[in-house]
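Please look over the chain below before reading the briefing that follows.

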Amino acid sequence: MNTDSPPAGARPDPTDGRAGAVAADRRDPLADFRERFDVPDDYYMDGNSLGPISAEAEASLDRIVEEWRDLGIRGWTDAEQDWFTYAEELGDDLAPLLGADAEEVVLANSTTVNIHTLIGTFLDEADGTKVVVNDLDFPTDHYAIRAQFRQRGIDPDEGLVVVESEDGRTLAERDVADALESHDDVVVVFMPSVFYRSGQLLDVERLTEIAHDHGALAGFDLAHSVGVVPHDLADIGVDFAVWCSYKYLNAGPGALAGLYVNRDHFGTTPALAGWWGHDKSTQFDMNLEFTPADSAGAWQIGTPHLLSLAPLEGSLSIIRDAGIDTIREKSVALTDYLIALVDERLAEFGCSVGTPRDADRRGGHVAVEHPEGQKLAEALKDRGVVVDFRPPNVVRLCPAPLYTGFADVWDVVEIARSVLAEGALAEYETSSGGVT
Ligand SMILES: Cc1ncc(COP(=O)(O)O)c(C=O)c1O
């Protein structure tokens with residue numbers, strides 16, 4: 001038994017058993033935050049796909065519904081927080097999580113649409129015809145970029161430079177630099193912050209430097225980091241970024257996405273322009289000529305989906321109360337603990353860790369690899385543990401820090417251990433298709 005008193009948020013020693021995890025939960029400065037959420041299952045380890053509802057998110061949504069009832073069209077101007085500037089206001093609130101100025105962040109569209117408009121914008125601006133990506137990307141990124149090439153008469157197979165991972169899990173930043181050395185005409189290096197499958201955290205600063213050193217812009221898909229990993233986009237000089245609000249930001253299914261555009265690019269005409277991106281002071285003059293807002297707001301397109309935006313106001317207030325540095329600290333401790341437990345308790349049953357062990361290289365989830373990963377994911381779900389499966393063999397486990405404790409992590413690993421020890425996977429079949 002470890003008798004030293006570890007600091008709040010430090011990970012328990014796996015050899016201390018469940019008691020060690022319970023003791024760590026008692027020291028956890030974020031332990032009480034769980035009460036603010038309605039977590040639907042005993043063990044909800046899928047917050048990297050969809051975060052749960054909170055009282056605060058429900059309250060801000062309810063307020064907009066009531067304002068709609070009471071004010072009708074006047075809500076655009078007379079609501080408690082007028083609806084006309086709501087997406088910009090929430091962008092201001094979100095900006096500290098990105099390390100950006102208020103005007104550089106806005107809530108708009110979906111992540112995929114934001115990739116379309118931002119990649120399209122910068123392809124239009126530059127002389128080049130290439131975008132550097134990698135073969136571990138979330139597929140929508142490639143679909144959108146390829147479509148933008150096609151619309152400009154560029155062969156997507158020529159335009160997309162795909163850096164290949166050496167191990168099928170992770171990417172080395174130097175391989176991105178090598179790709180830039182051997183390709184002229186690169187307009188944008190577009191990379192994720194955290195890989196959706198392995199959970200590797202890339203070095204955003206280094207990648208930005210690499211892109212800039214080669215005369216390219218640096219853009220990022222931050223879907224798996226905003227709300228759990230702090231960012232420093234403006235200082236680093238990132239050119240643009242996109243992310244979802246339904247994962248670690250807990251703003252609800254299909255919540256409005258976010259985008260960041262470095263102020264150096266304000267004034268550029270968006271590829272998918274629309275009246276909501278117009279300079280707000282003259283938007284209702286109804287001029288047929290488009291004048292972009294002098295902010296990231298220019299990349300909005302149409303009227304924001306307020307009912308898909310409102311929960312973010314409440315859910316963000318929880319993140320603000322917790323503090324992103326405390327969230328990250330606990331997240332690292334939880335994933336560290338989970339990795340240690342997989343090594344200690346599950347490795348003998350064929351599980352291994354596909355996520356980097358260096359905390360600086362890890363986002364908020366852990367990829368547990370098992371040859372029958374799909375069956376393991378199903379067996380866990382049947383036992384009250386919500387996880388997801390990503391082919392070919394990854395069970396993703398996300399101990400989201402605002403509503404997951406160390407004892408939860410211990411319990412989940414014990415449930416997995418008993419599934420594997422009892423040979424319960426034999427009752428399951430591998431299937432394809434469906435939402436996992
Ligand atoms: C890295 C990444 N990008 C984009 C998306 C999805 O984008 P959208 O919200 O447009 O469906 C996801 C969804 O999980 C994702 O993991």
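A residue is called buried when its relative accessible area is under 20%, exposed when that area is over 50%, and partly exposed in between, with a 1.4 Å probe and protein chains only. Helices (H or I, at least four residues) and strands (E, at least two) are DSSP runs, numbered from the N terminus. This is a predicted model, in which local features need pLDDT of at least 70 and side-chain atom pairs count only at pLDDT 80 or more, whereas totals for chains, interfaces and linings use all residues. Residues are numbered from 1 along each chain as its sequence is written, and side-chain values use heavy atoms, with hydrogens and water left out.

- An open sheet of 4 strands has the order E11-E12-E15-E14, with antiparallel pairing.
- Strands E11 (352-353) and E14 (388-390) stand at the edges and have a single partner strand each, so one side of each is left without a neighbour in the sheet.
- E14 pairs with strand E15 (residues 394-397) in the antiparallel sense over 3 bridges, and arginine 390 stands opposite valine 394 in E15.
- Helix H13 (residues 373-382) packs on this sheet, touching E14 and E15, and its direction makes about 40° with that of E15; axes are lines fitted to C-alpha atoms, for helices over the stretch in contact, and angles run from 0 to 180 degrees between N-to-C directions.
- H13 is mostly covered, since 7 of its 10 residues are buried, among them Leu376, Ala377 and Leu380.
- The buried residues of H13 pack against strand E13 (385-386), E14, E15 and H14, where contact means heavy atoms within 4.5 Å.
- Glycine 384, with a positive phi near 85°, follows H13.

**Salt bridges**

- The whole structure holds 25 salt bridges, each defined as a side-chain nitrogen of Lys or Arg within 4 Å of a carboxyl oxygen of Asp or Glu.
- Arginine 34 and aspartate 408 meet through their side chains in a salt bridge (2.8 Å, N to O), a pair that links distant parts of the chain, 374 residues apart, with arginine 34 in the loop between helix H1 (17-27) and strand E1 (37-38) and aspartate 408 in helix H14 (residues 406-421).
- Arginine 34 is partly exposed, with a relative accessible area of 31%, whereas aspartate 408 is buried at 14%.
- Arginine 206 forms a salt bridge with glutamate 209, with 3.0 Å between the closest N and O atoms; the two are 3 residues apart in helix H9 (residues 204-213), and therefore separated by about one helical turn.
- The side chains of aspartate 388 and arginine 396 meet in a salt bridge (2.7 Å, N to O), and both residues are buried.
- Arg63, Glu67, Glu80 and Glu313 are linked in a network of salt bridges.

Notes. Two strands pair if DSSP finds at least two bridges between them.
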